[in-house]
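Keep the viewer open as you read.

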Amino acid sequence: MQFESSHLLWLLLVIPPALALFFWWAMRSRQRLLTQFIEARLLSQLTVGISPRRQKIRFGCLTLAVALLLVALARPQHGFDLQEVEQRGLDIVVAVDTSKSMLAMDIAPNRLARAKLAALELMQKAGTDRLGLVAFAGDAFLECPLTIDNTAFQQCVQALDVNTIPQGGTALAAAIKTALTAFKEDSRHKVLVLFTDGEDNDTGALEAAQDAAKAGLKIFTIGIGTEKGELVRVTEANGNSDYVRDEQGNVLKSHLNEALLQQIAGATGGFYLPMRGANTIDTLYERGLAPLPKAEGKERLVRRYHEQYHWPLAAAILLLLAELFLPERKTSKVHPPSSNFGVTGNPKSKVEAMALTTLIAILLLPMTTTASPASALRDYRTGNFTNALAEFTRLAEVKTNDLRFLFNAGAAAYRATNFDTAQKLFQSATLSPDLKLQQKAFYNLGNAQFQSAKEAKDLDGLQTGLETAEKTFERAAALDKNDADAAFNLAFAKSVLEQLKQFREAIRRAKGEADAAVRRAEFHRALEIMVPLQKTIAAKQFEDYTKKLKDIDDIATSHQP
């Protein structure tokens, strides 16, 4: 539950208490005036039938109705729909360094906390620009796809810490390559804002920036830290803290590498800014991002919250009606002495009042549509996964704020071996604020990516798919360290990747031997080496080469005496 105009809730501390105080003062003043003009012995006779208790109930109804009206004005909201919104802006990926060196305190409170605050400040400046988030240390991972949903981006930024990426170190090249994968539309301008201290433990950052520039990516680097540097203190799981040390046990000092960050930004047409003062992000946006031409685009991940003001408004109206139909005087009971048929009050008028109140309450209730998942679950359990997929998808379109239906639809698509659809549905389910559902979505997404990789037509597609699945399993295992299945699948994916690398090395050696045989004019020997490869996934890669060898071998064999 949230309030669009939460500042109005402060009025609840002023207006209802003031109103209750006014009613109390009015009752006391009325009693005092009556005693001034009417003798005390006559007062009880003239005010017979007046119920002080009913007066207090009426005043309480009015006070509570005013409080509920203030709540309705504050616009309570609960649940949301994901809607497609047309917008005009840039595509900006924010990459934040989460390595242990970012715990250095040469910038208050520390480098990582300052980088997160700067990323959120950039979000406020972005307006209609789409923002994505990449976390990187020894590896990189796309934490938030490009979106104009500021809530989703903010939650991802706030969740960053030095344990977000398990692999230690700082790989700037991996961050740049991962950021490139977030851009899907070639027509839009691509921007990467890199928050880091520039301590690159890997090689190839400058080369990766040059390749990114060819793909149309403009990089702006923000240096976090000082050239003087600072010792890095980390806290272990047992609560003890110590400085980061090298293999020989020497304490390491982390320094800001401005030269490398300037080279990376310059290679792509961007510029470098040190994180100093309060205007760094203003300068970045005004000088670097705002002048870039903006493009039209569509975004499906915008949250439109459901208004709930009608509930307190309906309750307030019911209280006002109750106050209206509740008289101050008690209804007297008349019993005629010569008749056994007495009439108490006016039952007809009471029934009409109750009917009117009930009718208004019914009219104020919002129209709702119900969609039961029972049939979809029944189809799933009986193995009719195609129908279950269609039904869960329909339910997800009706109840767009319940991402469990997208998760269930993804499970049905997976069981129906529709792995591409399963990946899209599980990817949407990873946006759930429920961490348990989010973890399960990442786990199943990794399974779907692994199965899709197995259907790849060549080695490059297989390796790319397996690497994507490995990173997704890492995310699932990080969200729930007690999930043995996620840990097993992560280890299995790494094992398969290692076997694939060994297989590629064996193919490379076989191709080298075949080339050597061709240079010796031993075409039949070269063909014998390459034919077995045609029965593997590498067949397409060497299909033309093997066909040429076969043609040459046929010609050479036909000319032998």
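Of the 561 residues in the protein chain, 41% count as buried, meaning a relative accessible area under 20%, with exposed set at over 50% and partly exposed in between, for a 1.4 Å probe and protein chains only. The model is predicted, so local features need pLDDT of at least 70, side-chain atom pairs count only at pLDDT 80 or more, and totals for chains, interfaces and linings use all residues. Residues are numbered from 1 along each chain as its sequence is written, and side-chain values use heavy atoms, with hydrogens and water left out.

The accessible surface of the protein chain is about 31,600 Å², and carbon and sulfur atoms hold 56% of that; the areas come from the Shrake-Rupley method with a 1.4 Å probe. The chain has 20 helices and 15 strands, taken as DSSP runs numbered from the N terminus (helices are H or I with at least four residues, strands E with at least two). Among contacts in the chain with a separation of 6 or more, 75% join residues 24 or more positions apart, where contact means heavy atoms within 4.5 Å.

Now for the helix pairs. Two packed helices are described by the angle between their axes and the distance between the axes. Here the axes are lines fitted to C-alpha atoms over the stretch in contact, and angles run from 0 to 180 degrees between N-to-C directions.

Take helix α16 (residues 435–454) and α18, which pack at about 30 degrees with axes 11 Å apart. They are therefore roughly parallel, a label for angles under 35 degrees, while over 145 is roughly antiparallel, 65 to 115 roughly perpendicular and the rest oblique.

Which residues does Asn 489 touch? Leaving aside residues up to four places away in sequence, Asn 489 touches Tyr 443, Asn 447 and Phe 473. Asn 489 lies in helix α18 (residues 484–519) and is buried, with a relative accessible area of 14%.

Compare this with helix α12 (residues 374–381) and helix α13 (residues 385–398), whose axes are 8 Å apart at an angle of about 155 degrees. α12 and α13 are therefore roughly antiparallel. Ser 375, Ala 376, Leu 377, Asp 379 and Tyr 380 of α12 meet Phe 385, Asn 387, Ala 388, Glu 391, Phe 392 and Leu 395 of α13.
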